[in-house]
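Here is my note on your model, written as numbered points. Please keep the structure open beside you as you read.

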Amino acid sequence: KEAGWGVKKAEDLNIALGENPDMILIDVRRTEELTEKGVISVVDQELLAIPLESFLTDSAMWPADKDAEIVVYCGSGHRSTMAMTILRTNGYTNVTSLKGGFGSWAEAGLPVADYVAAE
């Protein structure tokens, strides 16, 4: 049932979000993409927006718990794979990338929310 190393399918992520309130999502798209297309809708979870372009310089925004379940996503799955690799290289143990990115999530008809920039 696995979708490949380090990859989580949209349907599986949707189920996991229902089961794990402590999961952390990291969106690595640019702010204009978030504003235009929206973000994955979360209920209890933390959703961090850290663009890949500034992912390393914004490392202070990375989750404090290196063993937390983290799912990284972008538009198609390419940038999130790079961000996942960076996190794993820095000692994070439970990081996956959303297969097909936000595009696959939206195509599957899963919940999308408007992006509200942090104050």
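1. How many aromatic pairs does the count come to? The answer is 3 aromatic pairs, where rings of Phe, Tyr and Trp (its six-membered ring) pair if their centres lie within 6.5 Å; planes under 30 degrees apart are stacked, over 60 edge-to-face, and the rest tilted. One of them joins Phe55 and Trp62, a tilted pair with 5.2 Å from centre to centre and 35 degrees between the planes. Phe55 and Trp62 are both buried (buried means under 20% relative accessible area, exposed over 50%, partly exposed in between, using a 1.4 Å probe and protein chains only). Phe55 and Trp62 also form one aromatic cluster with Tyr92.

2. A word on what you are looking at. This is a predicted model, in which local features need pLDDT of at least 70 and side-chain atom pairs count only at pLDDT 80 or more, while totals for chains, interfaces and linings use all residues. Residues are numbered from 1 along each chain as its sequence is written, and side-chain values use heavy atoms, with hydrogens and water left out.

3. Now look at Tyr73 and Phe102. Their ring centres are 6.2 Å apart and their planes stand at 25 degrees, so this pair is stacked. The pair links distant parts of the chain, since Tyr73 sits in strand 5 (residues 70–73) and Phe102 in helix 4 (residues 101–107), 29 residues apart. Helices (H or I, at least four residues) and strands (E, at least two) are DSSP runs, numbered from the N terminus. Tyr73 counts as buried because its relative accessibility is 0%, and Phe102 is buried too, at 5%. Arg29 lies over the face of Phe102, 4.3 Å from the ring centre; for this, NZ of Lys or CZ of Arg must be within 6 Å of the ring centre and within 35 degrees of the ring normal.

4. Strand 5 pairs with strand 6 (residues 95–98) over 3 bridges: Ile70 has Val95 as a bridge partner, and Val72 has Ser97. Strand 1 and strand 6 are joined by 2 bridges, with Leu98 as the bridge partner of Lys8.

5. Which residues have the most contacts inside the largest nonpolar core? They are Ile26, Val28, Phe55, Ile70, Val72, Leu87 and Val95, in a core of 17 residues. A nonpolar core is a set of buried Ala, Val, Leu, Ile, Met, Phe, Trp, Tyr and Cys residues joined through side-chain atoms within 4.5 Å. Strand 2, strand 5 and helix 3 each give two or more residues to this core, and helix 3 gives the largest share, 3 residues. A second, separate core has 15 residues, including Ala16, Val71, Phe102 and Leu110.

6. Is Ile26 buried or exposed? Ile26 counts as buried, because its relative accessibility is 0%. Setting aside neighbours within four places in sequence, Ile26 is in contact with residues including Leu48, Phe55, Ile70 and Leu87 (contact means heavy atoms within 4.5 Å). Ile26 and Val95 are 69 residues apart in sequence and 10 Å apart in space, C-alpha to C-alpha.

Conventions
Pairing = 2+ DSSP bridges.
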